[in-house]
Amino acid sequence: MDFVMAEGFRTAMHVVGRALFGGYFIMRGMNHLMKLNNTSAYVASKGVPAAKPATTVAGVMILLGGVFVLLGWHRFIGAGLLCLVSLAAAILLHRFWQESDPATKGNEAAHFLKDLALAGAALLVAFYSSPSWPGSLGG
């Protein structure tokens with residue numbers, strides 16, 4: 001049997017991928033909530049109304065989504081939360097098309113594309129959430 005297709009290797013890839021993807025969002029969510037004043041000030045500077053409540057809700061969504069995906073528990077809901085918050089961040093916070101400074105425009109474009117890529121990855125997680133996941137809590 002081909003090494004890449006060996007079940008143990010595939011299981012390890014799945015668990016490590018979940019840990020990396022979910023772990024990223026867990027850390028981002030904790031950062032949002034632990035540094036709420038700084039993060040909400042940044043969000044307010046981007047013109048988002050009710051920045052502190054919006055940042056709090058986003059932080060909770062990010063944290064829960066990351067935990068759900070990491071544990072493989074209610075993974076469709078978790079992936080949905082991550083997709084929604086990633087799309088919102090791209091559109092509301094990284095409007096590169098409004099920037100005139102080339103360096104700022106490039107930085108915002110990179111963050112915009114990163115958030116779109118994360119939203120796309122979350123959609124893939126949601127799509128593959130129905131079959132049984134190895135090492136998961138189910139759901």
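Reader: Which residues does F25 touch, not counting residues up to four places away in sequence?

Author: F25 touches I62, L63, G66, L82, S86 and L118, contact meaning heavy atoms within 4.5 Å. This is a predicted model: local features need pLDDT of at least 70 and side-chain atom pairs count only at pLDDT 80 or more, while totals for chains, interfaces and linings use all residues. Residues are numbered from 1 along each chain as its sequence is written, and side-chain values use heavy atoms, with hydrogens and water left out.

Reader: What makes a set of residues a nonpolar core, and which members of the largest one touch the most others?

Author: The term denotes buried Ala, Val, Leu, Ile, Met, Phe, Trp, Tyr and Cys residues joined through side-chain atoms within 4.5 Å. The largest such core has 15 residues, of which F21, F25, V69, L82, A122 and V125 touch the most other members. Helix 1, helix 3, helix 4 and helix 5 each give two or more residues to this core, and helix 5 supplies the largest share, 5 residues. Another core, of 5 residues, lies apart from it and includes V43, A51, A89 and L93.

Reader: Why is K46 called buried, and why is R28 called partly exposed?

Author: Buried means under 20% relative accessible area, exposed means over 50%, and partly exposed lies in between (1.4 Å probe, protein chains only). K46 has a relative accessible area of 15%, so K46 is buried. R28, which is in helix 1, has a value of 34% and is therefore partly exposed.

Reader: Why is the pair of K46 and E108 called a salt bridge?

Author: The term requires a side-chain nitrogen of Lys or Arg within 4 Å of a carboxyl oxygen of Asp or Glu. The closest N and O atoms of K46 and E108 are 3.0 Å apart, so the pair qualifies. K46 lies in the loop between helix 2 and helix 3 and E108 in helix 5, so the pair ties together parts that are 62 residues apart in sequence. E108 is buried as well, with a relative accessible area of 7%.

Reader: How many salt bridges does a search of the whole structure find, and what makes K114 and D115 one of them?

Author: The search finds 2. For D115 and K114 the closest N and O atoms are 3.1 Å apart, so this pair also meets the cut-off. D115 is buried at 6%, whereas K114 is partly exposed at 31%.

Reader: How do you know that the span of helix 3 agrees with its number of residues?

Author: Helices are DSSP runs (H or I, at least four residues), numbered from the N terminus, and the expected span is 1.5 Å times one less than the number of residues. The 21 residues of helix 3 should span 30 Å, and its end C-alpha atoms are 30 Å apart, which agrees. Helix 5 (residues 102-127) has 26 residues and reaches 37 Å, close to the 38 Å expected.

Reader: What covers the buried residues of helix 5?

Author: The cover includes helix 1 (7-34), helix 2 (36-45), helix 3 (51-71) and helix 4 (75-93). The buried residues of helix 5 include F112, L118, A122 and V125.

Reader: Where do the buried residues of helix 3 pack, and what follows that helix?

Author: These residues, among them A58, I62, G66 and V69, pack against helix 1, helix 2, helix 4 and helix 5. Helix 3 is followed by G72, whose phi is positive, near 70°.
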